Amino acid sequence: MVHEWALAEAIADYVFKTAPPAKRVRVTVRLGELQAVDEEILEFALREIMKSQGIECEVVLKREDCVLKCRKCGYEWPLKDVGFEEEVREAIHFVPEVVHSYLKCPRCGSRDFEVIKGRGVWVEEVGWE
Amino acid sequence: MMIAQSDPRLAVIERRLARVARVVPVMSSKGGVGKTLLSCLLALALSERGVRVGLLDLDVTNPTAHVVLGADLSKFPEEDRGVVPPSVGGVKFMSVAYYSRDNPLPLRGWEIDNVVREVLAVTIWGDLDFLVIDTPPGIGDEVLDVLSYFPKHEPLVVATPSPLTVASVRRLLKLLTEVVEGELIRVVENMARSDSSTVTDLAKEFRVKFLGRVCLDENVDEAVGDVNALRKSRMYGDVSRIAEKLLKGS
C-alpha cells in the first residue's frame with residue numbers, strides 16, 4: 001500500500017484528537033497539486049481507517065492548483081507549466097519541498113522561490129454528528 | 001459541529017514514534033565538530049550490540065549521513081502504508097537525500113519545518129530501541145522541531161575543547177537545560193587530542209553527564225562510505241564505549 005495510507009492516518013488521527021466521539025464524520029481535505037496525492041487511494045484509506053473505528057466517514061476532497069513565486073525577482077508561475085520526469089515527480093510526491101532540488105525560477109534562474117499555494121494535504125473542515 | 005483548518009501531519013507523529021523506546025538527537029550548535037560521523041557510528045555501534053536502531057538525518061538542507069554509510073540513493077525507500085527506511089549496516093536509515101539526491105536543496109525556515117513534519121508523519125520506523133538523529137549546526141528549525149515534535153528525547157551534545165565550540169555549545173546547553181530534564185542530557189567530547197578538562201568542566205557547569213571522549217582519528221575519512229571499514233576505525237572503538245554507556249542508561 002502506498003504512502004497515501006500514512007497521510008490518511010494523519011487525517012484520521014487529527015479527527016480522533018479534535019472531534020468528540022461520533023458515528024458519522026465529514027472531513028474536507030484540501031490537496032495541493034504539488035504533492036500529487038492519489039485521491040482515490042487517500043479517500044479509500046481514510047474511509048477504511050474510520051470504518052475500523054466504527055465511524056462512517058464522508059470525504060470531501062478539494063484539489064488546489066500549485067502556484068510558485070520567486071523570492072528574488074517576484075515572478076509567479078503555475079506548476080502546470082512545468083514538465084517533470086516521472087522520477088522527479090515521485091520524489092516531490094514524497095517530500096514536496098524537494099521541488100527546490102529540481103526547479104528554478106523560469107525568469108531569473110533562482111532556486112529561492114516559494115510555494116504560495118497548492119503544496120500538500122490540509123484539513124479544511126471536520127464535521128460530526 | 002465543525003472544526004476547521006489544520007495540518008494533520010502533526011497529529012500522527014506520536015503514533016509513528018509510539019514504538020520507539022529512546023530518541024537520541026546528536027546536537028551541537030557549532031559546525032564541524034563531527035556530529036554526522038558520530039551519529040552514524042553511534043547507530044552502527046548500537047546495532048552491533050543487538051538492539052534495533054534507526055538513524056534519521058535531520059540536516060535537511062545539507063544531508064551527508066548517507067555519504068558516511070554509503071547508502072544507496074538510486075532507489076526510493078519502499079512503501080508499506082508509509083515510507084519504510086531501508087536497512088544500512090543493520091540500521092534503519094531515513095534521509096531527505098533519498099528524494100533530493102545530490103542536488104542542492106535550498107530551503108527557508110518554514111519549508112524546513114514542512115520537510116521535518118512530512119518525514120516524521122510518513123516514516124514507518126516500527127519497533128526501535130533507539131532512534132539516533134543527526135542534526136545540523138546552529139539552533140534553528142531542525143533543532144527546534146526535535147524539541148517540539150519528539151515528546152521525550154535524550155540529547156547527546158557534541159563539543160570539542162576549542163573556545164569557539166565551548167562558547168557556542170554553552171548557548172545550546174543553556175537552551176536544552178531549560179526544556180529537557182538535566183539527567184537526560186549528555187555531553188561527549190569529540191576530536192579529543194589531550195586530557196583537557198574543558199568539555200568535562202562544561203558538563204559540570206550545566207550539571208549534565210559527561211559520557212566520554214572520542215579521540216581525533218585522522219584516518220576515519222578513509223573509511224567513509226564503507227560500513228565494514230568504519231567498524232574497524234579507531235573512532236568506532238571510542239564511539240562504541242559511548243554506545244555501551246547509553247545502553248546501560250549512564
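Predicted model: local features only at pLDDT ≥ 70, side-chain atom pairs only at ≥ 80, totals over all residues.

Me: Let's zoom out. How many helices and strands does chain B have?
Reply: Chain B has 10 helices and 11 strands. Its radius of gyration is 17 Å, close to the 18 Å from the globule rule for 250 residues, so chain B is as compact as a globular protein of that length. The C-alpha atoms fill a box of roughly 60 × 40 × 35 Å along the principal axes.

Me: How much of it is buried?
Reply: Buried residues are 57% of the 250 in chain B. As for contacts with a separation of 6 or more, 78% of them join residues 24 or more positions apart.

Me: What about the surface and the charges?
Reply: Chain B exposes about 10100 Å², and carbon and sulfur atoms supply 48% of that. There are 31 positive and 34 negative side chains, with the centres of the two sets 4 Å apart.

Me: Now the sheet. What's the strand order in chain B?
Reply: Eight strands make an open sheet in the order 6-7-3-8-2-9-10-11, with mixed pairing. Strand 6 (87–88) and strand 11 (209–215) are the edges, each pairing on one side only.

Me: Strand 2 then, is it enclosed or open?
Reply: Strand 2 of chain B is largely enclosed by the rest of the structure, because seven of its eight residues are buried.

Me: How does it pair with strand 8?
Reply: Strand 2 and strand 8 (residues 128–134) of chain B run parallel, over six bridges. One of the partner pairs is B:Val20 with B:Leu128. Strand 2 is also joined to strand 9 (residues 156–159) of chain B, again parallel, by two bridges, and there B:Met27 stands opposite B:Val157.

Me: Where does B:Arg186 sit?
Reply: B:Arg186 is in strand 10 (residues 186–192) of chain B. With a relative accessibility of 3%, B:Arg186 counts as buried.

Me: An arginine in there! What's it touching?
Reply: Beyond its neighbours within four places in sequence, B:Arg186 is in contact with several residues, including B:Arg22, B:Glu154, B:Val157, B:Lys209 and B:Leu246. B:Lys209 is 23 residues away in sequence, and the two C-alpha atoms are 4.8 Å apart.

Me: Switching to backbone angles. What's the phi of B:Met191?
Reply: B:Met191 has a positive phi of about 55 degrees although it isn't a glycine. B:Met191 is in strand 10 of chain B and is partly exposed, at 30% relative accessible area.

Me: And B:Arg207, buried or exposed?
Reply: B:Arg207 is exposed, with a relative accessible area of 76%. Its phi is positive too, near 55 degrees, and B:Arg207 lies in the loop between helix 8 (198–205) and strand 11 of chain B.

Me: Over to chain A. Which residues is A:Glu97 in contact with?
Reply: Leaving aside neighbours within four places in sequence, A:Glu97 is in contact with A:Arg119 and with B:Leu105, B:Leu107, B:Glu111, B:Asn114 and B:Val115. A:Glu97 is in the loop between helix 3 (86–94) and helix 4 (99–102) of chain A. A:Glu97 is buried, with 6% relative accessible area.

Me: Last one. What do strand 3 and strand 4 of chain A form?
Reply: A hairpin, with five residues between the strands; A:Gly74 in the turn has a positive phi of about 85 degrees. Three bridges join strand 3 (residues 67–70) to strand 4 (residues 76–78), running antiparallel. Strand 3 also pairs with strand 5 (residues 113–117) of chain A in the antiparallel sense, over four bridges.

Terms used. Residues numbered from 1 in each chain as written. Chains lettered and ligands numbered in written order. Heavy atoms only, no water. Rg over C-alpha atoms; globule rule 2.2 N^0.38 Å. Buried < 20%, exposed > 50% of the residue type's maximum accessible area, 1.4 Å probe, protein only. Contact = heavy atoms within 4.5 Å. Areas by Shrake-Rupley, 256 points an atom, 1.4 Å probe, with all protein chains shown as cover. Lys, Arg positive; Asp, Glu negative; His and termini not counted. Charge placed at Lys NZ, Arg CZ, Asp CG, Glu CD. Pairing = 2+ DSSP bridges.
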